[in-house]
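Student: Could you take me on a close look at the sheet in this model, and at what packs around it? I would like the cut-offs spelled out as you go.

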Amino acid sequence: MQKALMIGTGIGNLAAGIYLIRDGGFQGSQITMYGLETHGANDGNTVAAYEAEYSNSALSNNRGYLAKGGRMLNEETYENLWDILRSVPSLDHPGQSVTDDILNFDHAHPTHDVARLIDQFGPRTKPNKDNYEHMQFNNKDRALLTKLMLMPESNEQTLNNISISEWFKNSPHFFETNFWYMWQTTFAFKRASSAMELRRYMNRMILEFSRINTLAGVTRTPYNQYESIILPMRSYLTDRGVTFVNNIKITDWDFKDTPLQDDIIVTGLHYQKVDDGETGIIPVAETDLVFDTNGSITDSSSIGDLETPVKENFEYAPSAMLWKKATEKFYSLGQPDKFFNDRSQSEWMSFTVTTDNHFLVDQISRITQQEPGNALNTFIHSTPLLSIVVHHQPHFKAQKPNETVFWGYFMYPRRNGDYV
Ligand SMILES: Cc1cc2nc3c(=O)[nH]c(=O)nc-3n(C[C@H](O)[C@H](O)[C@H](O)COP(=O)(O)OP(=O)(O)OC[C@H]3O[C@@H](n4cnc5c(N)ncnc54)[C@H](O)[C@@H]3O)c2cc1C
C-alpha cells in the first residue's frame with residue numbers, strides 16, 4: 001500500500017493531507033505526519049504547558065499565553081485556504097465549515113484601522129502631509145515601484161540577489177514613506193529582503209494597495225489561528241485515520257542512487273525523538289510520497305519572559321538543515337544559506353502580553369479609537385520599530401473573562417528600546 005509521509009505539521013502539510021484524502025483517493029490510514037512539536041503555535045494552553053518544547057528555555061514567569069503570530073488573511077486572494085477549509089467541519093458550530101466560521105466572524109467584525117501609524121504626536125490622523133491616508137511617494141519612488149511591478153515574468157530572474165535596498169538605492173526617500181512603514185510591518189519585510197519577493201507580494205496583494213492604511217481587506221479568525229484553523233484541520237485528519245507522530249525531528253534522508261542523480265527518490269528518513277534523543281530510521285518505499293516543508297520560520301525560535309532573557313538558539317533550523325542535507329546530494333534544490341545564513345536579514349522578535357484586567361487594552365482602545373480586534377498599530381519612530389495587534393477578545397478559548405491578551409513585535413530587536 002502506497003504511503004504518504006509528511007515532515008512537519010504546519011498548515012502546508014495538513015492541507016496536503018486533506019487534499020490527498022479529499023481529491024487524491026487516499027485513505028487516512030495511508031498518511032503519517034511527523035511533527036517537531038505537539039503544540040505548534042499555541043493551542044490555548046498557557047505558556048507553562050509547552051515551555052518544555054523549547055530546549056533553551058527555563059522561564060521564571062510562565063504564566064499567561066504565548067501567541068506565535070497573528071495572521072491576517074484575505075478574502076479575495078486566499079482561494080486555496082477557503083477551498084480547503086470549506087471541507088473542514090467547524091469545531092464550534094456543528095454543520096458549518098471552518099470557512100463559514102471565519103468569514104461569518106469577519107463580516108460581523110470588519111477591520112477598519114484608523115491608527116495604523118502612530119508617531120510622537122499620536123495616530124497619524126491629522127489633516128496634514130503625514131496623514132496615514134497618504135502613501136507619501138515622490139516621483140522617483142513611483143517610477144521604481146512601477147518598474148518593479150510591471151517587470152515581465154520572463155525577466156524576473158534579473159532580480160536574483162537584488163535586495164529592496166539596492167532596488168531603491170537612487171531613492172532612499174522611499175524608506176521614509178508612510179507606505180514603507182505600513183508595508184514592512186504588515187508583511188515583515190526588511191530593506192535586506194529580496195526585491196523579487198516584494199514584486200511578487202505587490203502583484204499578489206495589489207488590491208490591498210488602496211486600503212493598506214485601514215487594513216479593511218484583512219480577514220481575521222475568531223480565535224488564534226491554532227484554535228481556529230489548525231485544530232479543526234488536525235481533527236479532520238485524525239477522524240479519517242491519519243497518524244500523527246509528535247515531538248520527532250527528521251534529521252536526514254537516505255536517497256536511492258540514480259544515474260546522474262536526477263531523480264529524487266527517498267528510501268529512508270532518519271529521526272531523533274525530542275523527548276529522549278532516541279534515534280532511528282523510518283523506511284520509505286520507492287512508491288511512497290514524502291512531503292517536506294523546507295524552511296519554517298518558527299522552528300528555531302527561542303522564548304524568554306519579562307524576567308528571563310531570550311537565550312538565542314544559533315543552530316541551523318531543523319527544516320533548513322534537512323533542506324541543506326538534500327542539497328548536498330542534488331544540485332537543483334536551491335540554496336538554503338541564502339535564507340538562513342544571516343539572521344540579521346530576517347530575524348524579528350514578537351511578544352505576547354497577558355493582563356489580568358482590561359485597563360491596558362482599554363487605554364489602547366482609547367488612543368487608537370477602536371475596539372479590540374481592529375488594530376495593527378505601528379509606532380513608527382520607536383527605535384526597534386514596535387507594532388502591536390490587539391485581537392478581538394477572548395483570543396484563546398481558555399482565557400478568563402478578566403484576562404486580556406495582545407501580541408506585538410519588533411522588526412529590529414537588537415536595537416535598544418526607547419522606554420522601560
Ligand atoms: C509572526 C508571524 C506572522 C505571520 N503573519 C502572517 C499573516 O498575517 N498572514 C499570512 O498569511 N501568513 C502569515 N505568516 C506566515 C504563515 O504563518 C506561514 O506562511 C505558514 O504558517 C507556513 O506554513 P507551513 O506549513 O509552510 O510551515 P510551518 O507552519 O513553519 O510548518 C512547518 C512545521 O514543520 C516543523 N518542522 C520543521 N523541520 C522539521 C523537521 N526536521 N522534522 C519535523 N518537523 C519539522 C516545524 O516545527 C513546523 O511545525 C506569519 C508568520 C509568522 C511567524
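Tutor: Happy to! Six strands make up an open sheet of mixed pairing, in the order S5-S4-S13-S14-S15-S12. Strands here are DSSP runs of E with at least two residues, helices are runs of H or I with at least four residues, and both are numbered from the N terminus; two strands pair if DSSP finds at least two bridges between them. At the edges stand strand S5 (122-123) and strand S12 (349-355), each with a single partner strand, so one side of each is left without a neighbour in the sheet.

A word on the source: this is a predicted model, in which local features need pLDDT of at least 70 and side-chain atom pairs count only at pLDDT 80 or more, while totals for chains, interfaces and linings use all residues. Residues are numbered from 1 along each chain as its sequence is written, and side-chain values use heavy atoms, with hydrogens and water left out.

Inside the sheet, strand S14 (residues 386-390) and strand S15 (residues 404-410) run antiparallel and are joined by five bridges. Leucine 386, for instance, has phenylalanine 410 in S15 as its bridge partner. Helix H12 (residues 359-368) packs on the sheet, where it touches S4, S5, S12, S13, S14 and S15. The direction of H12 makes about 60° with that of S15; such angles run from 0 to 180 degrees between N-to-C directions, and axes are lines fitted to C-alpha atoms, for helices over the stretch in contact. Contact itself means heavy atoms within 4.5 Å.

Helix H7 (residues 178-187) lies across strand S4 (117-119), strand S13 (377-379), S14 and S15, and runs at about 120° to S4. Now follow H7 to its helix partner: H7 and H8 pack at an angle of about 95°, with their axes 13 Å apart. That makes H7 roughly perpendicular to H8, since angles of 65 to 115 degrees count as roughly perpendicular. H7 brings Phe179, Trp183 and Phe187 to the contact, and H8 brings Leu198, Tyr201 and Met202. By class, these residues are six nonpolar, no polar and no charged, where Ala, Val, Leu, Ile, Met, Phe, Trp, Tyr, Cys and Pro count as nonpolar, Asp, Glu, Lys and Arg as charged, and the others, Gly among them, as polar.

Beyond its neighbours within four places in sequence, leucine 198 is in contact with Leu148, Ile164, Phe168, Trp183 and Phe189. As background, nonpolar side chains in soluble globular proteins tend to be buried together.

Note on methods. Parallel < 35°, antiparallel > 145°, perpendicular 65-115°, else oblique.
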